Amino acid sequence: MEFINKLISEIKQKTGGNFSVGPFTSNTSFSNWSQTVVSKTPVLFPESDADLLKILDEADANGLKVRVVGTAHSFDGIVSQTWEENVVILSLAKYQPPAEWKEVLNEPLLTVRMGAGQTFLDLMSFARPKGYVMVTQTAGWFFSLAGVLMNPSVHGATFHEDRLTSILVAVRVMLADGSIKVIDTEEEMKYWRGSLGLLGIVTAVEVRMRKDEGIAMSYTEKKMVPWTEKVVMEYINEVERTVDAAEWFFDPYNDVMCAFTINFKSDNGDDGFKPEDSEKFYVDILKKHKGLNMPTDPEELIPTMLTMFAKFKESLDQKDFSKDFTWVSNFAAKNLWNENYANGPRDGYYVDPNTIFRYRNLGTLIPCLQTSTVFNTLNITRKILKLAYSNKHSVWAPPIPIEFRYVDVKKDILKFEYLEPKRYFSIEVFNFFHKDINVNKNGQVFLELESEWRKIHPGQSKIHFGKEWGFVKDEKGVIEPFKNEEIIDSVYTPETKILFLAKMKEYDPNGLFSAGEGARFLGKPNI
């Protein structure tokens, strides 16, 4: 199929050729999965502290900035903005930390040390056979540890737990002068959590875990009929009352809501399962997804991704909308379940790496200031999406179910905090992405959604770092994300900006790491 061959060619181009800046050359350039950020910036793969030190010295001597990338799933230029040409990108996918930071379990403290470039799959393959699970987790294994833990927005699904960065108890870092430092006091860790790589290079992390006490994973769904606040909130509240963690999906075209749930202490989890029996499972999965922590498309995933995308595009070409939405809704619900549910390790993760695909993703954090906040948000979203579909606004109107979770932000976890301590309703709308599709029409839906979401509690909704936000239509009618200057200026308060910049000056006096979206939010665009 011509379409598939074209997509394969594009993926290969991402790692083909030579990309250079200053003295650095690589056959891999930096772009994210959704290609909202595409550049010719070279990506380097240091394997040791000596490699890192050499790169820092040469970058400094040539007036270049240094940034570190995880698995490149973020949409918004956290690592580097498209226009930043004086940047060299580092991936720690091949980096080996010293022995005392490489897969070290501290049972009395319930913590694990791992290399920063390793994924949550790597973490679970080490910790789960020993009887440990995450305190809270993202949906899938495929993110890099430091990539998530340095982000102030990424959250799990465990009720009353803060974001993922809160489980970070210590880091091993290389500073701008090449020195190695271990940050392990709670007061200093508050500066490093969620610091977006602006203070130094995190080479290894120590994270808080919990002992398995009979973890059970389950799935539930219900059709929201009639569509009323009472029906919807009864289902959502019942899920929260009966489990420890939940992530919901909602198909607004069929009014079906489902939840992937976790109970950490459950009779259903006490069925003779032995954590050590999961070791072979992880060996097989790691072998299958060898390149999962690389900031490029792992070749192992390409066939599955292409097959899935081709199937979806075929339904669009045939204008068979019922087939379109039915298939995608089913995929994003029960078919997301990985082998955890059948015979796997039951480690809390349910999105199989085989389901990774390129997509667009609008996300917003809305404070739960009223009992009606959740339903009002879902109701507005449902209306916009159903109207876009019924008016044939675009056959590319978001077909993938809405995803939402609760985020409970606590006080005094981060010094560079941009969220007030309260509960937030985190809502996301996804869409498959490919440049052959009219992205501007898709952007119109996202523009409308974001505008309405931010009206629910004016001035109090917040961006989700790593998602798409800030949609603006220019004078030519072109709609693009990350352009809303009012949002950009208000991410951090003036007081937080002053504190953040002062700490950056302390650790990185010459601004070696000062690039990317975070620097832009602080008023230091690297242009």
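How many nonpolar, polar and charged residues are in the lining of the second largest cavity? By class, this lining holds nine nonpolar, four polar and one charged residues, where Ala, Val, Leu, Ile, Met, Phe, Trp, Tyr, Cys and Pro count as nonpolar, Asp, Glu, Lys and Arg as charged, and the others, Gly among them, as polar. The structure is a predicted model, in which local features need pLDDT of at least 70 and side-chain atom pairs count only at pLDDT 80 or more, while totals for chains, interfaces and linings use all residues. Residues are numbered from 1 along each chain as its sequence is written, and side-chain values use heavy atoms, with hydrogens and water left out.

A cavity is here a set of points, on a 1 Å grid over the protein atoms alone, where a 1.4 Å probe fits but cannot get out, and its lining residues have an atom within 4 Å of a point. Grid points are joined across faces, edges and corners, and the volume is the space filled by probe spheres set on the points. Six cavities of 30 Å³ or more are counted by this rule. The second largest cavity has a volume of about 70 Å³. Its lining comprises 14 residues, of which Gln137, Ala157, Ile262, Gly348 and Tyr350 are the closest to the centre. Strands β14 (245–251) and β15 (256–263) are the elements that give two or more residues to this lining; helices (H or I, at least four residues) and strands (E, at least two) are DSSP runs, numbered from the N terminus.

Six of its seven residues are buried, so β10 is largely enclosed by the rest of the structure. Buried means under 20% relative accessible area, exposed over 50%, and partly exposed in between, with a 1.4 Å probe and protein chains only. Strands count as paired if DSSP finds at least two bridges between them. With strand β12 (residues 201–211), β10 pairs in the antiparallel sense over six bridges, and leucine 168 has valine 207 of β12 as its bridge partner. With strand β11 (residues 180–183), β10 again pairs in the antiparallel sense, over four bridges; here valine 173 is partnered by lysine 181 of β11. The hairpin of β10 and β11 has five residues between the strands, and glycine 178 in this hairpin takes a positive phi near 90°.

Methionine 189 is buried, with a relative accessible area of 0%. Lysine 211, found in β12, is by contrast partly exposed at 37%. Its C-alpha atom is separated by 6.1 Å from that of glycine 131, 80 residues away along the chain.

Helix α10 (residues 373–390) has 18 residues, and the distance from its first C-alpha to its last is 26 Å. This is close to the expected 26 Å, the expected span being 1.5 Å times one less than the number of residues. Buried residues in α10 include Phe375, Leu378, Arg382 and Leu385. An α-helix has 3.6 residues a turn, so residues three or four places apart point the same way.

Valine 225 and proline 226 are joined by a cis peptide bond with omega of about -5°, and proline 226 lies in the loop between β13 (216–223) and α6 (229–242). Alanine 72, in the loop between β5 (65–69) and β6 (87–91), has a positive phi near 65° although it is not glycine; this alanine is buried at 8%. Arginine 346 likewise has a positive phi, near 50°, and is buried at 13% in the loop between α9 (321–331) and β16 (359–367). Leucine 419 sits in the loop between β17 (400–408) and β18 (423–432) and is buried at 4%. Cysteine 258 is buried, with a relative accessible area of 4%, whereas cysteine 368 is partly exposed, at 24%.

Technical notes
1 Å grid on protein atoms, 1.4 Å probe; cavity = no way out; pocket = protein on both sides within 12 Å on 5 of 7 lines; lining within 4 Å.
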